[in-house]
Amino acid sequence: MSLLEVRDLTTAFKTERGEVTAVEDISFDLDEGEILGIVGESGSGKSVTALTIMGLLPQPPARVVRGSVHFAGELLTGMSETRLERIRGAGISMVFQEPMTSLNPVLTIGEQIMETVRAHEAISVRDQRLRAIEMLDRVGIPSAVRRLGDYPHQMSGGQRQRVMIAMALACRPRLLIADEPTTALDVTIQAQVLDLLMDLRDELGMAIMIITHNMGVIAETADRVLVMYAGRIVEQAPVARLFDRPLHPYTRGLLDCVPTLEQDRNRLVAIPGSLPEPARRPAGCRFAPRCGHRIDACSAAIPPLVAVDASHASACIRTDILA
Amino acid sequence: MAGVILRRLAGAVPVLLIVSLITFGMMRLIPGDPSSVIGGLSATPAQLAQIRADLGLDEPFFLQMLKWYTALAHGDLGRSILLGQDVVGATLQRLPVTLALSAYALVITVVFGLCSGVFAALRQNTVIDQLAMMFAMLGISVPNFFLGLLMIILFAVRLGWLPTGGYIAFTDDPVGWLRTSTMPAISLALLQVGLLARITRSTMLEVLRQDYIRTARAKGLPRRVVVMKHALANALIPITTVVGIIVSLLISGSVVTETLFSIPGMGQLLTQAVLNRDYPMVQGGLLLTTAFLVMINIAVDACYALLDPRVRYESP
Ligand SMILES: Nc1ncnc2c1ncn2[C@@H]1O[C@H](COP(=O)(O)OP(=O)(O)OP(=O)(O)O)[C@@H](O)[C@H]1O
Ligand SMILES: [Mg+2]
């Protein structure tokens, strides 16, 4: 049994133009201590996948249409809010993209870390404080004791993201979901934060799901990768394998324009055309209109994710010919 | 912090100066003067002239003004022509009545406005939300005095539960105060309750959409903590500004309410003073009331700094 088991997860949003499916038939496993990268262009459904797992999407407008999420053997989909609250922050934690807006501006960072511990563990205020100091130390905030009373606006973006990580890890979760944790940061800070995450994984043994649109980040951190396109997984492979022998034309496109960590800002632009909106997705393979290897059969039906071996799968009907 | 308050106090001086100038000018511009009130309808022109001379009203406009400001600089606001009492004394007697009434109305406003606004936001687009907002709209649309009249007719005249008017000081008899103040306070508060409910709702909805609320939920905090601690602490910042304005509106709005319920407050005092051209009373009373309102506004700004660390730290 894996730590996290996601099966056929499908999430839709109610909009003025009817219900649109944001992510569809997402299935994957994540093992204890593993780092799974999820990569894809903006709008491909990475955040929706993560937020659905956390049960953090407001329902309505969001709705889990079908599928299931098991965490440590427990079924999360459909679980009551009170039971989910006990898992969030303690079993699964999440770090968000925007460190500037993700911390509460009117509470001290000490309080924001301490209240997380308070919510999940019956320990004294003194011990909560000690834990907060310990966590700030661990994520590399200097003179932690003094900074407990600081407010978020007194810290830099990189420091705030460290505080977010300290907060997320304060209760030793078994899984950390990091949704573009470095996108908003300067290049040098990005590398530091990624290193920190890797160190913490080694130290605490938690699994990490790292979401990014940056193949460079994937290469540096992940053990295994999911490539998402227009709400579906199009390829899944161990990281070395993916960079070595990408199967899906979309993955190849992404790799052809790998931005190094240094040129993160110019997103994935080398693939001609753009990602279709959820309501305007083409029939059949959603990547077909942008694909150089397109044939008529591509638009006939959505190609299923087919395993080429035990660890590698791709959703392209021409996998055999193109490989 | 103390520096901010001092700066604001200094900034209030020109405000008070302008208010007093306008009051002074306006009182001389409107026709009629205290002499006709004192002398009565049967007074001869000679008697009227004598009264004017006694009051110094025959002097040139600017001289009168100069005298008034000179006295003011010595802390002397003069005597009320009508009451024969000194202006400060009369104000100190009446202002507490208005303040007690406004404070009562403020409590009603904050309790009901804040609660229904938060509640409506948490139940956005449900029947509860729509009902709350309908009542808020009703509160905003129905004129104070109309509601006051309806209440007098129902609770005082028909049912006889409460007196139709008059006032008993809280310090004399707390129950009597409640009996005489409840209807006036409700009629005074109603509009503000509606206003505050609507603003609280929209502020809460805005705050609940913020990233840090999602973070709070992602940490596994119970919904109660997310709403009452994380959301409300942020929503209170803009709401405080509105409450500051509401305090001023309540104090100035009490004029109508005091008249309707025959409450001897500042509103009634000033109305009488204006009608009788009681120059010193109007000028002094308004100046003192304005000074008080300015101080309340400074207090609100101080609250603002208490609630928002970003404000607290940016000011030296
Ligand atoms: N609240 C919502 N209402 C309607 N549609 C939504 C909502 N949230 C997300 N979507 C849709 O779901 C799709 C996936 O969005 P998602 O935020 O998961 O993308 P992403 O891969 O995380 O992109 P990014 O890299 O920009 O973060 C998008 O097409 C978006 O339009
Ligand atoms: Mg995203």
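Trainee: Is Glu115(A) buried or exposed, and how do I read that?

Mentor: Start with the percentage of relative accessibility: under 20% is buried. Glu115(A) comes out at 3%, so it counts as buried. Keep in mind as we go that this is a predicted model.

Trainee: Which residue does the side chain of Glu115(A) meet in a salt bridge?

Mentor: For a salt bridge, you look for a Lys or Arg side-chain nitrogen within 4 Å of a carboxyl oxygen of Asp or Glu. Here the partner is Lys229(B), with 2.8 Å from N to O. This pair crosses between chains: Lys229(B) sits in helix 10 (residues 223-260) of chain B, and Glu115(A) in helix 3 (residues 109-120) of chain A. Lys229(B) itself is partly exposed, at 23% relative accessibility.

Trainee: How many salt bridges are there over all chains?

Mentor: The count is 31. Take Glu32(A) and Arg174(A) as one of them, where the closest N and O atoms are 3.0 Å apart. Glu32(A) is in the loop between strand 2 (18-30) and strand 3 (35-39) of chain A, while Arg174(A) is in the loop between helix 6 (157-169) and strand 7 (175-179), so the bridge ties together parts 142 residues apart in sequence. As for accessibility, Glu32(A) is partly exposed at 46%, and Arg174(A) is partly exposed too, at 38%.

Trainee: And what does Arg224(A) pair with?

Mentor: With Glu34(A), in a salt bridge whose closest N and O atoms are 2.6 Å apart. Arg224(A) belongs to strand 9 (residues 224-229) of chain A and Glu34(A) to the loop between strand 2 and strand 3, so this pair links parts that are 190 residues apart in sequence. Both ends are on the buried side of the cut-off: Arg224(A) has 14% relative accessibility, and Glu34(A) has 12%.

Trainee: Which residues are linked in a network of salt bridges?

Mentor: The one to trace here links Glu24(A), Asp25(A), Arg66(A), Arg232(A) and Arg286(A). Have a look at the backbone of Asp25(A) while you're there: its phi is near 50°, a positive value in a residue other than glycine. Asp25(A) lies in strand 2 of chain A and is partly exposed, with a relative accessible area of 26%.

Trainee: Where is Ser143(A) found, and what is its phi?

Mentor: Phi of Ser143(A) is near 40°, again positive in a residue that isn't glycine. You'll find Ser143(A) in the loop between helix 4 (125-138) and helix 5 (144-147) of chain A. Its relative accessible area is 40%, so it is partly exposed.

Trainee: What about omega? Which residues does a cis peptide bond join?

Mentor: Gln59(A) and Pro60(A) are joined by a cis peptide bond, with omega about -15°. Then Pro60(A) and Pro61(A) are joined by a cis bond as well, with omega about 10°. Pro60(A) is in the loop between helix 1 and strand 4 (62-71) of chain A, and that loop also holds Pro61(A).

Trainee: Let's move to the ligand. Which residues surround ligand 1?

Mentor: List the shell, then look for polar contacts. The shell includes Phe13(A), Glu41(A), Lys46(A), Glu180(A) and Pro278(A). By type, it divides into four nonpolar, five polar and three charged residues. Helix 1 (residues 46-54) of chain A gives the largest share, three residues. As for the contacts, a ligand oxygen is 3.2 Å from a polar backbone atom of Ser44(A), and one is 3.0 Å from a polar backbone atom of Gly45(A). In Lys46(A) the side chain takes part, with an N or O atom 2.9 Å from an oxygen of the ligand. Overall, the protein covers 68% of the 640 Å² of accessible area that ligand 1 has on its own.

Methods:
Residues numbered from 1 in each chain as written. Chains lettered and ligands numbered in written order. Predicted model: local features only at pLDDT ≥ 70, side-chain atom pairs only at ≥ 80, totals over all residues. Heavy atoms only, no water. Near = heavy atom within 4 Å. Polar contact = N/O pair within 3.5 Å; in protein donor to acceptor, adjacent residues only side chain to side chain. Areas by Shrake-Rupley, 256 points an atom, 1.4 Å probe, with all protein chains shown as cover. Helix = DSSP H or I, 4+ residues; strand = E, 2+ residues; numbered from the N terminus. Nonpolar A, V, L, I, M, F, W, Y, C, P; charged D, E, K, R; others polar. Buried < 20%, exposed > 50% of the residue type's maximum accessible area, 1.4 Å probe, protein only.
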